[in-house]
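Open the model in your viewer and keep the selection tool ready. The stops below go one at a time.

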Amino acid sequence: MTKTAGRTGRLLTVIAVPALMGVSLPAQAQTSPEPAAAPGSFLGRIVLGFGRARTAVDTPQAVSTLEQEDIDREQAATPGDLLRMVPGATVQGGDRMTGQRYNIRGVGGDASDQNRIIISVDGVEKYGELYQVGQFFGEPELYKRVEILRGPASSALYGSGALGGVVAFETKDATDFLQMGETTTLRVKAGANSNGGGALGSVILAQRFGESFEMLAALTHRREGDYTSGDGTPVTGSGMAGTSGLLKGTYRFGANNEQTLSLSLSRWRSNEDGANYSSVADIPAFGTVDRKAQDDTATLVWTNPANGTPWLDSRVQLSYSRTLIDQENAVPGNPFLAANPLFEDAFYQYRTLALRAENRLTFSGQGWENYLTLGVTASHQKRAAQRESGAISFHPEGTDRRYGVFVQNEFIWNDRLSAVLGLRADRIALTPSDAVVNGQRRSHTARVASLALHYKLNEDWAVFGSLSQTERAPSLDEMFDVASAAGKTTSLDLRPERARTLEAGFSYGGRDVFAKGDSLDVKLTAFSNRVTDKIERPGNSVPGPTYANIARAHIRGIELEGGYDTETLFTKFAYSRLLGTDQTTGARLESTPQDELVLDLGARAFGQTLEYGWRGTFARGASRANGDAFPGYGVSDLYATWRPDQGAMAGLEVQVAVNNVLNKQYRNILDGGLANNEPRRGRDLRVSVGRNFSW
């Protein structure tokens, strides 16, 4: 950990510890937080990312929504850790903060796969494509909500190219902490974990100024040391430290203060010396490097719901995103690599300016409703990559300009039949740096079309199905890389990839099923996704273009999720089974995860102020295409949350978890072949204590 990171951590600890003990503010200033919502299943949550708000069980697509209580209970060190209970969604690349990449429904492998999954923060798309480094960096403490939309049906609203799906993060707001009649809330939190000697400090201030303006300021520092696997083996270079901040203000105006103008600024930063060069695999030959990673997001959003005006419900967002990786002092483990330009001092940067504007029109009649959403998008992304000796030809610089138009129409008849039609077209223009390939420019049009139907058989049972097709345009890497191997040329004749997906399933959402006040939600989804013109490398030994449309893939599977909830007991379950085949070779797709079942059994006591439970993750054994066999495994976690609501302890929140209780030694098949696959974290005790002070 750097000196700067160490000073930040000590400062947050000095602030947090006394406040948690209640000695820095008078007792009468303490108030109890709002009771946490019952965990239940993800299917009972409201989904915002599929057009009109609705519960997940009533959505004609596979969607999981994580709320604040899920994020807090997880005590996640990285955003990817939050996906543990989501079927068909996982992360690969180990436990490092800068090493995680996303995989949804068997889509998402190496760096070039990452633009097949859309990651967004407050509607701002995050993108990174860097060798041996992960896709997205962020601090889980800043998020209050995550929606995971699986499959390409979400491409109409989020953008073409989402062959795997979308992971949408939403940051905290001042209103999440300020109750009626309160003007100020201070939240402090401290945490620690045993495996790697990690620590967390967080301070959040929410302030309300009259009825029209509120703001939130947050500062968090997290340190994770090198962890050990289940058999006690240290995983060197796996530790990391990160500091993050969030500043957000919202101004309300107009009739009944219904219009809003909000500005949000956030930054995540790490600065590590002697980190493993490869953040995603165990490759000793690559050695170590001093690496600085920084991710910035700025958004300005205007909304006008225009209540009472059916033809006006508008939202306009202007955003700026910047992701920077700065590497110095690389020391390859293999001396023969010392002269390789990959290990020169270098920086990689993505800067994106984007605009999105949309409006929803509402029509209704006797027994029917219709919601029509129209929108346009525009973005300009500048990709830079420089090393000591000049431009990095195997990571070509250039610009990516996109202009899009989309429409989504949702028709509801008799509150039983829903039909959702989505259409989109994006125009993508790629212009590389003159220093690499003489400024050659290529343009593509990527189209999206989807139709989803949902029919309620009765109050409890429903069936649904969808058909969608989306296209993904080639990236700068795929079009203009000429230096990854000798004898390679640009790939100027690439065509967009196409994915056609068919989904079908049924859902059950019952209330008062076995006892008064209980709920049971179940959703089963089967899907088939066929990808044609898939862009891949023909192989370094084959002269000619670096990439070509040479592959076809077929990914199919089932996902089962649900949960049962009562006042004192709850359970959640998630099961996924995927089969991914490279139809060109007949081999198993390396991006296919193991079959997985996750069970969560919990209970509540003492007026629901105490919540505790067990979670089991069970993966089936599988083999990679090269024959590497990965055994199945079962990992058990225990957790407990205490939120006293009376007396001097009111306002306190204590989270305790023991992950991998039995110290299981296991590896994830998505982390690469056995030669470079790092084992996952062994037994880990995590504790965090938070407290709100409001007045």
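Select Val167. Leaving out residues up to four places away in sequence, Val167 touches Tyr102, Ile104, Ile118, Ile119, Ser120, Val146, Glu147 and Ile148 (contact: heavy atoms within 4.5 Å). This is a predicted model, where local features need pLDDT of at least 70, side-chain atom pairs count only at pLDDT 80 or more, and totals for chains, interfaces and linings use all residues. Numbering runs from 1 along each chain as its sequence is written, and side-chain values use heavy atoms, with hydrogens and water left out.

Now widen the selection. The largest nonpolar core has 28 residues, and Tyr102, Val146, Ile148, Val167 and Phe169 have the most contacts inside it. Such a core is a set of buried Ala, Val, Leu, Ile, Met, Phe, Trp, Tyr and Cys residues joined through side-chain atoms within 4.5 Å. Buried means under 20% relative accessible area, exposed over 50%, partly exposed in between (1.4 Å probe, protein chains only). Apart from this core lies another, of 19 residues, including Phe286 and Ala385.

**Stop two: Asp400**

Go to strand S20 (residues 398-413), which holds Asp400; strands are DSSP runs of E, at least two residues, and helices runs of H or I, at least four, numbered from the N terminus. Asp400 counts as buried because its relative accessibility is 8%. Beyond four places in sequence, its contacts include Ser379, His380 and Leu430.

**Stop three: positive phi**

Most residues other than glycine have a negative phi. Select Gln75: its phi is positive, about 50°. Gln75 sits in the loop between helix H2 (68-74) and S4. Finish at Asn663, with phi near 55°.
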